[in-house]
Amino acid sequence: MSGKAMKLVVVGAAGRMGQTLIRTIHAIAGAEVFAAVEREGSPFVGRDAGEIAGLGPIGVAVTDKPLEAFVEAEGVLDFTTPAATVEFSGLAAQARIVHVIGTTGCSEADEERIRAAARHARIVKSGNMSLGVNLLGVLAETAARALGPQDWDIEVLEMHHRHKVDAPSGTALLLGQAAARGRGIALAEHSVRVRDGHTGPRPAGAIGFATLRGGSVVGEHSVLIAGEGETVTLSHSATDRSIFARGAVQAALWARDRKPGLYSMLDVLGLN
Ligand SMILES: NC(=O)C1=CN([C@@H]2O[C@H](COP(=O)(O)OP(=O)(O)OC[C@H]3O[C@@H](n4cnc5c(N)ncnc54)[C@H](OP(=O)(O)O)[C@@H]3O)[C@@H](O)[C@H]2O)C=CC1
Ligand SMILES: O=C(O)C1=N[C@H](C(=O)O)C[C@H](O)C1
């Protein structure tokens with residue numbers, strides 16, 4: 001383990017998570033904001049990343065040249081868009097640095113490109129970087145295993161702010177995957193993501209998803225397991241994005257001395 005602060009690049013540095021990451025890394029002794037990246041044409045290119053994040057100047061100007069930043073760095077923290085993340089995974093693999101991916105809404109084709117990059121890079125990817133949600137996933141898996149599909153119905157409910165562009169959330173899918181693992185089934189074959197009109201009765205063993213959007217909600221998730229006359233509800237409320245940023249920095253530090261591969265926050269947190 002190196003004693004020096006880990007040199008981290010924040011991509012999407014002017015975004016909601018990007019700014020939170022800049023503030024979080026700045027406050028952690030074992031990590032430093034080495035570079036900050038925004039897309040070509042962004043009005044933030046050339047501005048100081050600390051000023052954008054409300055810290056005051058930190059001497060790191062936002063750049064639109066990710067590879068130049070990556071080759072001198074040790075890790076990249078990426079909460080951007082699926083298209084950008086796929087591109088960054090190739091560049092991070094080329095530069096042989098750690099890539100922490102928080103971006104959600106990736107397609108199966110995107111996931112395949114990320115798996116390919118993980119042959120050369122150390123990638124940690126999770127729909128939610130917080131300790132609380134990853135523990136909730138473990139609890140949901142245990143509950144789903146104990147409460148069988150003939151008598152108990154699983155529904156995942158989530159709410160996020162009005163700006164969120166993907167649904168269901170990455171966290172809702174992570175929780176659905178955990179419940180499916182508990183039941184020993186493939187989520188893709190049992191998930192019900194939309195209901196509208198005359199749907200007919202609920203198929204036994206389905207894992208349903210419901211999505212709410214509005215206001216400034218950081219992230220609300222519940223797994224409801226409903227039986228005859230009783231419902232078990234497992235919930236998590238995020239009130240501050242710093243929980244995701246701290247998890248991302250922890251993931252980068254954890255992956256620093258690992259072999260190339262695709263890891264999850266369960267690996268980082270020792271919950272696997
Ligand atoms: N896993 C987790 O724990 C969490 C995951 N997320 C996920 O992180 C992602 C980002 O969320 P949020 O911060 O709210 O979104 P924002 O839209 O606020 O931020 C995204 C940033 O990425 C920038 N960006 C887009 N494309 C590129 C590119 N090619 N190069 C560099 N920068 C780029 C955007 O710039 P521009 O606006 O100019 O396009 C923007 O500044 C979402 O997928 C969200 O679901 C969020 C929180 C926690
Ligand atoms: O877009 C967000 O804001 C969040 N996205 C992640 C998700 O899709 O689950 C994590 C968190 O809930 C916030």
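Helix H7 is mostly covered, with 11 of its 14 residues buried. Do keep in mind as we go that this is a predicted model. The buried set in H7 includes Leu 174, Leu 175, Ala 178 and Ala 179, along with Gly 170 and Thr 171, two residues I'll come back to. What lies over these buried residues? The cover includes helices H6 and H8, and strands E7, E9 and E10.

As for its geometry, H7 runs from residue 170 to 183 and reaches 20 Å from its first C-alpha to its last, close to the 20 Å expected. Just past the end of H7, Gly 184 takes a positive phi of about 70°. The peptide bond joining Ala 167 to Pro 168 is cis, with omega about -10°.

Gly 170 and Thr 171 are among the residues surrounding ligand 2, and so are Ser 169, Lys 164, His 160, His 161 and His 221. Which atoms come close? A backbone N or O atom of Gly 170 sits 2.8 Å from an oxygen atom of ligand 2, while a polar side-chain atom of Thr 171 is 2.5 Å from a ligand 2 oxygen. Taken by itself, ligand 2 has 320 Å² of accessible area, and the protein covers 85% of it.

On the nitrogen side, a polar backbone atom of Ser 126 lies 3.0 Å from a nitrogen atom of ligand 1. Alone, ligand 1 exposes 920 Å², of which the protein buries 78%.

While we're at H4, have a look at the loop between H4 and E5, where Arg 96 is found. Arg 96 has a positive phi of about 55°, although it is not a glycine.

Let me finish with the packing. The largest nonpolar core has 36 residues, and Leu 8, Leu 21, Ile 22, Ile 25, Leu 77, Val 100 and Val 124 touch the most other members. Among the elements giving two or more residues to this core are strands E1, E2 and E5, and helices H1 and H9. Which element gives the most? That is H9, with eight residues.

Beyond its close sequence neighbours, Val 100 is in contact with Val 76, Leu 77, Asp 78, Val 124 and Met 129, and with Ala 248, Ala 251 and Ala 252. Apart from this core lies another one of 20 residues, and its members include Ile 154, Val 156, Leu 175 and Ala 179. Leu 175 and Ala 179 were among the buried residues of H7, which brings us back to where we began.

Note on methods. Residues are numbered from 1 along each chain as its sequence is written. Chains are lettered from A and ligands numbered from 1 in the order in which they are written. This is a predicted model: local features need pLDDT of at least 70, side-chain atom pairs count only at pLDDT 80 or more; totals for chains, interfaces and linings use all residues. Side-chain values use heavy atoms; hydrogens and water are left out. A nonpolar core is a set of buried Ala, Val, Leu, Ile, Met, Phe, Trp, Tyr and Cys residues joined through side-chain atoms within 4.5 Å. Buried means under 20% relative accessible area, exposed over 50%, partly exposed in between (1.4 Å probe, protein chains only). Helices (H or I, at least four residues) and strands (E, at least two) are DSSP runs, numbered from the N terminus. Contact means heavy atoms within 4.5 Å. The expected span of a helix is 1.5 Å times one less than its number of residues. A residue is near a molecule or strand if one of its heavy atoms lies within 4 Å of it. A polar contact is a pair of N or O atoms within 3.5 Å; within protein, one must be able to donate a hydrogen and the other to accept it, and residues adjacent in sequence count only if both atoms are side-chain atoms. Accessible areas come from the Shrake-Rupley method with a 1.4 Å probe; for residues, only the protein chains shown count as cover. Lists of a residue's contacts leave out its neighbours within four places in sequence.
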